[in-house]
Amino acid sequence: MAETAPLGSSPDAPSLSRHVLAPDDAQKVQRLSQRACRELGDPHADDTLDALAALAGELPLNLRDFLHRERLAESPRGITVLSNLTVAEDVGPTPESWRSADTPKSRPDAFTALLLGSVLGDPIAWSAQQSGRVVTDVLPSPGMERSDVSASSAKELSWHTEDAFSPYRADWVGLLCLRNPHGVATTVSQLAAGELPEAVERVLREDRFILAPDPAHELDGRTEPDVPPIALLTGPPDAPTLRADRDFMRAVPGDDEAEAALKHLIGHLDGRLTDVVLRPGDMAFIDNTTFVHGRRSFQATYSPTERWLKRVNVVRDIRRTRPGRAGGSRRVLHSR
Ligand SMILES: [Fe+2]
């Protein structure tokens, strides 16, 4: 069953498309994920990911039909949610670090995220993010409560385009919710096309902004790479592509006009920030070309059932990423 509902009350509010799986279909997805896990083993290997593209053809037809329609939608929907997926009940205690989260018990769920992502495109990884894993883990970590990465909790994770610094960033961010006992909200916001003053939009479309890699990329010594100025908006006026990161973007030093335009953009996106609560068995695909996303703050308890999501980054076309790839891998991109 598929439905589309507006996220908010304003007439131009973005919408959320949700497909609720029938119990039979949820079982089929889980069985396929378990089989992929058994037969393919390592979810992060190039060969596995190549094989998944064909295996995803065995997902239920109505599910693939829904995802393809989302992929092809001319007017971006923003956020696509699959609900009622079956995730492992005996997944084990939520780890306290991503380092110990690629567990055998959670690997079938990692394959679920990969299979669903493979309907939309090609999953990718980053060389300096979670050891170059393709499926990464989002969970709170002790000591990171007030950091600017997804392991935070007491501090709100500010809205951002995923990996906004890179031209090879994902087209979708996929989040499969295994646990969310506090009902913590993911946040999303989107530019209202045509609502920015013309002069502001013109400046945002010029190469007058600096976007540095965020700390989720564990670069040696954290020295900021020398990045050239970029535009934050590109594409046609009625459907612009946005790249922005509330905490890690700035105007070129001394450019007051760019500074003012940036302030306007931040206020615009702040004002449209909307909560989406993912429940266990929900998988959200956030359109990373038009939407920014973040997470509300919460009090982590580090209990065995603490919040835990599996994340995949998906590009429409893996060949587009070739100039940004690390080593000989077809899937791992350079973090700088
Ligand atoms: Fe993110």
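Colleague: What should I keep in mind about the model and its numbering?
Modeller: This is a predicted model, where local features need pLDDT of at least 70, side-chain atom pairs count only at pLDDT 80 or more, and totals for chains, interfaces and linings use all residues. Residues are numbered from 1 along each chain as its sequence is written.

Colleague: How many helices and strands does the protein chain have, and what makes a stretch count as one?
Modeller: The protein chain has six helices and 17 strands. Both are DSSP runs numbered from the N terminus: a helix is H or I with at least four residues, and a strand is E with at least two.

Colleague: How do you know whether the size of the protein chain agrees with a compact globule?
Modeller: We use the radius of gyration, taken over C-alpha atoms, and a globule rule of 2.2 Å times the number of residues to the power 0.38. With 336 residues the rule gives a value near 20 Å, and the protein chain has 19 Å, so the two agree. Along the principal axes, the C-alpha atoms fill a box of roughly 55 × 45 × 40 Å.

Colleague: Why are H1 and H4 called roughly perpendicular?
Modeller: Helix H1 (residues 23-40) and helix H4 (residues 107-120) pack at about 110 degrees, with their axes 8 Å apart. The axes are lines fitted to C-alpha atoms over the stretch in contact, and angles run from 0 to 180 degrees between N-to-C directions. Angles under 35 degrees count as roughly parallel, over 145 as roughly antiparallel, 65 to 115 as roughly perpendicular and the rest as oblique. H1 and H4 are therefore roughly perpendicular.

Colleague: Which residues meet there?
Modeller: From H1 come Val-29, Leu-32, Ser-33, Gln-34, Ala-36 and Cys-37, and they meet Arg-107, Pro-108, Phe-111, Thr-112 and Leu-115 of H4. Being in contact means that the C-beta atoms, placed from the backbone, lie within 7 Å.

Colleague: What makes Leu-115 buried or exposed?
Modeller: A residue is buried if 20 or more other C-beta atoms lie within 10 Å of its own, exposed if 12 or fewer, and partly exposed in between. Leu-115, in helix H4, has 23 such neighbours and therefore counts as buried. Leaving aside residues up to four places away in sequence, Leu-115 touches Leu-32, Ser-33, Ala-36, Leu-52, Leu-55, Ala-56 and Leu-59. Across the protein chain, 43% of the 336 residues count as buried.

Colleague: What makes E6 and E13 edge strands?
Modeller: Four strands form an open antiparallel sheet in the order E6-E15-E8-E13. Strand E6 (157-160) and strand E13 (274-277) each pair on one side only. The twist averages 25 degrees from one strand to the next.

Colleague: How do you know that E6 pairs with E15?
Modeller: Pairing requires that DSSP finds at least two bridges between the strands. E6 and strand E15 (residues 291-295) have two bridges in the antiparallel sense, so they pair. His-160 has His-293 in E15 as its bridge partner.

Definitions and conventions. Two residues are in contact if their C-beta atoms, placed from the backbone, lie within 7 Å.
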